[in-house]
Amino acid sequence: MSNQIPHDRSGQLKQIESGLLPGEQIIAVYDATGAGTGFLGLTDRRVIIQDKSFAGKKYAITSVPYARITSVSVVSNKSWAGSYFSSGSIAINVGAHTYEVEFRGDDKAHHVHNVILQYIAR
């Protein structure tokens, strides 16, 4: 099962697998770079974010149902003259909170953005 799922680290994939709901399917699990986020997982029901930004070196695994996401953005420090996905970062807006996640490569950011957009644009 895990071989067909795009992922960066098998430990992160196993962590997502261990918390699945009955019948829930994993789409991808990508390692995140930068402060705060450990990884992001996508399933057919929700986005799962490991957030390391809590005090005392604690971290949380946050599940965000697609229905709660108000928007997803490509975050870039470049002008629009370049490619639409010239950055490896996305921002996911959930109510008043924004999760910004930076990936190792713009192809992963592109994939995550498109999957979230597909689910929230239904």
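## Tyr119 and the aromatic pairs

Tyr119 is buried, because its relative accessible area is 16% and buried means under 20% relative accessible area, exposed over 50% and partly exposed in between, with a 1.4 Å probe and protein chains only. The model is predicted, so that local features need pLDDT of at least 70 and side-chain atom pairs count only at pLDDT 80 or more, while totals for chains, interfaces and linings use all residues. Residues are numbered from 1 along each chain as its sequence is written, and side-chain values use heavy atoms, with hydrogens and water left out.

Rings of Phe, Tyr and Trp (its six-membered ring) pair if their centres lie within 6.5 Å, and planes under 30 degrees apart count as stacked, over 60 as edge-to-face and the rest as tilted; by this rule there are two aromatic pairs. The ring centres of Tyr30 and Phe103 are 6.2 Å apart with their planes at 80°, so this pair is edge-to-face. It links distant parts of the chain, since Tyr30 lies in strand β1 and Phe103 in strand β7, 73 residues apart, and both Tyr30 and Phe103 are buried. Tyr66 and Tyr119 form a stacked pair, at 4.3 Å centre to centre and 10° between the planes. Tyr66 counts as buried at 6% relative accessibility.

Helices (H or I, at least four residues) and strands (E, at least two) are DSSP runs, numbered from the N terminus. Strand β1 (residues 26-33) is mostly covered, with six of its eight residues buried. Two strands pair if DSSP finds at least two bridges between them; β1 pairs with strand β2 (residues 37-43) in the antiparallel sense over five bridges, and Leu42 in β2 is the bridge partner of Ala28. Two bridges also join β1 to strand β7 (residues 97-103), again running antiparallel, where Glu102 of β7 is the bridge partner of Thr33.

Val101 is found in strand β7 and is buried, with a relative accessible area of 0%. Not counting residues up to four places away in sequence, Val101 touches Ala32, Thr37, Leu40, Gly88, Ser89 and Ile90, where contact means heavy atoms within 4.5 Å.

## Arg46, a buried arginine

Arg46 lies in strand β3 (residues 46-51) and is buried, with a relative accessible area of 12%. Its side chain makes a polar contact with the side chain of Glu24 (2.6 Å) and another with the side chain of Ser63 (2.6 Å). A polar contact is a pair of N or O atoms within 3.5 Å; within protein, one must be able to donate a hydrogen and the other to accept it, and residues adjacent in sequence count only if both atoms are side-chain atoms. Leaving aside neighbours within four places in sequence, the residues in contact with Arg46 include Gly19, Leu20, Gly41 and Tyr66.

In helix α1 (residues 10-18) the buried residues are Gln12, Leu13 and Ile16. Seen down the axis of α1, these buried residues fall within an arc of 100°, so they line one face of the helix; the arc is that of the directions from the helix axis to the C-beta atoms. The buried residues of α1 pack against β1, β2 and β3, whereas the face turned away from the buried side carries the exposed residues Lys14 and Ser18.
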